[in-house]
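Please look at the two chains shown below. The report goes from each chain to the contact between them, and then to a sheet and some helices.

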Amino acid sequence: MEHAEAARTLDDVARMRRRTRRAVHPVWFSNLVAGAFFTGSAAIMAVDAGTAVALAYWIGGGALGLALIVAYSVRLERELGLEGRPADPVLGIVAAIVTAAVLLDGELALLVAAAGTLAVGLLLRDRFELAAGAAIAAVAVAILAVDPAEPWLWGNLGLGLSLLGAGLAGSRS
Amino acid sequence: MTHPALQLDDTVHQRVRLGILAVLSEARRADFAYLRDALDLTDGNLSRHIAVLEQAGLVKVEKGFEGKRPRTWVEATRAGRRALAAEMKALRELIALVDASAA
């Protein structure tokens with residue numbers, strides 16, 4: 001077997017694996033839902049709707065968003081005839097981002113979200129996901145540098161808009 | 001040390017079968033129709049290659065129904081995933097060997 005043939009075979013396999021990974025992970029949809037959720041949370045903070053409303057939004061909206069993503073994935077798997085792996089690295093990264101967002105402080109959570117989004121982008125070779133990761137990191141750095149009056153509001157708005165942008169761009173590609 | 005070219009497994013190395021294992025390595029299981037479309041094959045061609053992989057214990061085939069729709073699911077076995085990884089390793093070693101001898 002020749003060097004060029006071996007290299008081509010490796011490339012073909014890598015391309016096929018990437019295509020399958022992308023088919024089984026419609027990240028654009030998760031980005032749209034998560035983007036809308038975080039943008040909405042920034043709006044709730046901006047109008048100062050109160051703790052009860054904010055809590056209801058985070059619990060109810062979070063559960064609804066998660067249910068939407070799961071339902072879409074299940075429907076897509078059935079339509080495509082392709083089921084994702086239970087122990088999937090992409091799902092692991094997403095779970096780590098959500099955990100960090102709940103447990104960590106504002107800018108730190110944002111930096112973890114940026115790192116996670118970049119990792120998913122690298123794994124799926126998705127340029128919109130990579131762009132979103134870079135945008136989230138830029139928002140975190142800007143908040144650290146400027147130290148605005150309401151860092152949570154700006155953080156969630158930046159996170160939400162970055163994900164929304166990646167979701168919209170991804171849905172059209 | 002064995003030459004990397006001798007480590008290539010004929011069952012796995014065939015282009016279509018390598019494609020089937022590549023798809024299955026990223027999924028829990030794939031439907032026959034998905035594999036056929038993703039690899040741009042005919043039903044008969046795909047069936048033959050799946051039979052070869054199944055006989056070698058590299059994939060598992062499960063037939064069933066989803067509502068009224070018949071479905072054939074194909075899943076890589078642990079041996080199948082290992083065989084794909086070994087094939088990739090042998091190919092990388094082969095490339096490294098040629099690069100080293102050319103330098």
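Two residues are in contact if their C-beta atoms, placed from the backbone, lie within 7 Å. In chain B, residues 24 or more positions apart account for 58% of the contacts with a separation of 6 or more. In chain A, 69% of the contacts between residues at least 6 apart in sequence join residues at least 24 apart.

This is a predicted model: local features need pLDDT of at least 70, side-chain atom pairs count only at pLDDT 80 or more, and totals for chains, interfaces and linings use all residues. Residues are numbered from 1 along each chain as its sequence is written, while chains are lettered from A and ligands numbered from 1 in the order in which they are written.

**The two chains**

Helices (H or I, at least four residues) and strands (E, at least two) are DSSP runs, numbered from the N terminus. A residue is buried if 20 or more other C-beta atoms lie within 10 Å of its own, exposed if 12 or fewer, and partly exposed in between; these C-beta atoms are placed from the backbone. The table covers both chains.

| Chain | Helices and strands | Span of the C-alpha trace along its principal axes | Buried |
|---|---|---|---|
| Chain A | seven helices, one strand | about 65 × 40 × 30 Å | 32% of 173 residues |
| Chain B | six helices, three strands | about 60 × 25 × 20 Å | 32% of 103 residues |

From the N terminus on, chain A runs α-α-α-β-α-α-α-α. Chain B follows the pattern α-α-α-β-α-α-β-β-α.

**Where the chains touch**

The contact takes 19 residues from chain A and 21 residues from chain B. On the chain B side, four elements each supply at least two residues: helix H3 (15–25), strand E1 (29–31), helix H4 (32–39) and helix H6 (78–102). H6(B) gives the most, with six residues.

Ala, Val, Leu, Ile, Met, Phe, Trp, Tyr, Cys and Pro count as nonpolar; Asp, Glu, Lys and Arg count as charged; the others, Gly among them, count as polar. The side of chain B that touches chain A has 14 nonpolar, two polar and five charged residues.

**A sheet from both chains**

Two strands pair if DSSP finds at least two bridges between them. Strand E1 (residues 82–83) of chain A and E1(B) pair in the antiparallel sense over two bridges. Here Glu83(A) has Arg29(B) of E1(B) as its bridge partner.

How many strands form the open sheet? Four strands do, in the order E1(A)-E1(B)-E3(B)-E2(B), and the pairing is antiparallel. E1 of chain A and strand E2 (59–66) of chain B stand at the edges, each with a single partner strand, so one side of each has no neighbour in the sheet. H3(B) packs on the sheet and touches E1, E2 and strand E3 (69–76) of chain B. The direction of H3(B) makes about 90° with that of E3(B). Such angles run from 0 to 180 degrees between N-to-C directions, and axes are lines fitted to C-alpha atoms, for helices over the stretch in contact.

H3(B) is mostly covered, with eight of its 11 residues buried. Among them are Arg17(B), Leu18(B) and Ile20(B).

E2(B) and E3(B) pair in the antiparallel sense over eight bridges. Glu62(B) stands opposite Trp73(B) in E3(B). E2(B) and E3(B) form a hairpin with two residues between them. In the turn, Gly67(B) has a positive phi of about 70°.

**Two helices in chain A**

Two packed helices are described by the angle between their axes and the distance between the axes. The axes of helix H5 (residues 106–124) of chain A and helix H6 (residues 127–146) of chain A come within 7 Å and cross at roughly 160°. H5(A) and H6(A) are therefore roughly antiparallel to each other. Angles under 35 degrees count as roughly parallel, over 145 as roughly antiparallel, 65 to 115 as roughly perpendicular and the rest as oblique.

The contact includes Leu110(A) and Ala114(A) of H5(A), and Ile136(A) and Ala140(A) of H6(A). By class, the contact of H5(A) with H6(A) has 15 nonpolar, three polar and two charged residues.

Leu108(A) also lies in helix H5 of chain A. Is Leu108(A) buried, exposed or partly exposed? Leu108(A) counts as partly exposed, because it has 14 C-beta neighbours inside 10 Å. The C-alpha atoms of Leu108(A) and Leu144(A) are separated by 9.8 Å, and these residues are 36 residues apart along the chain.
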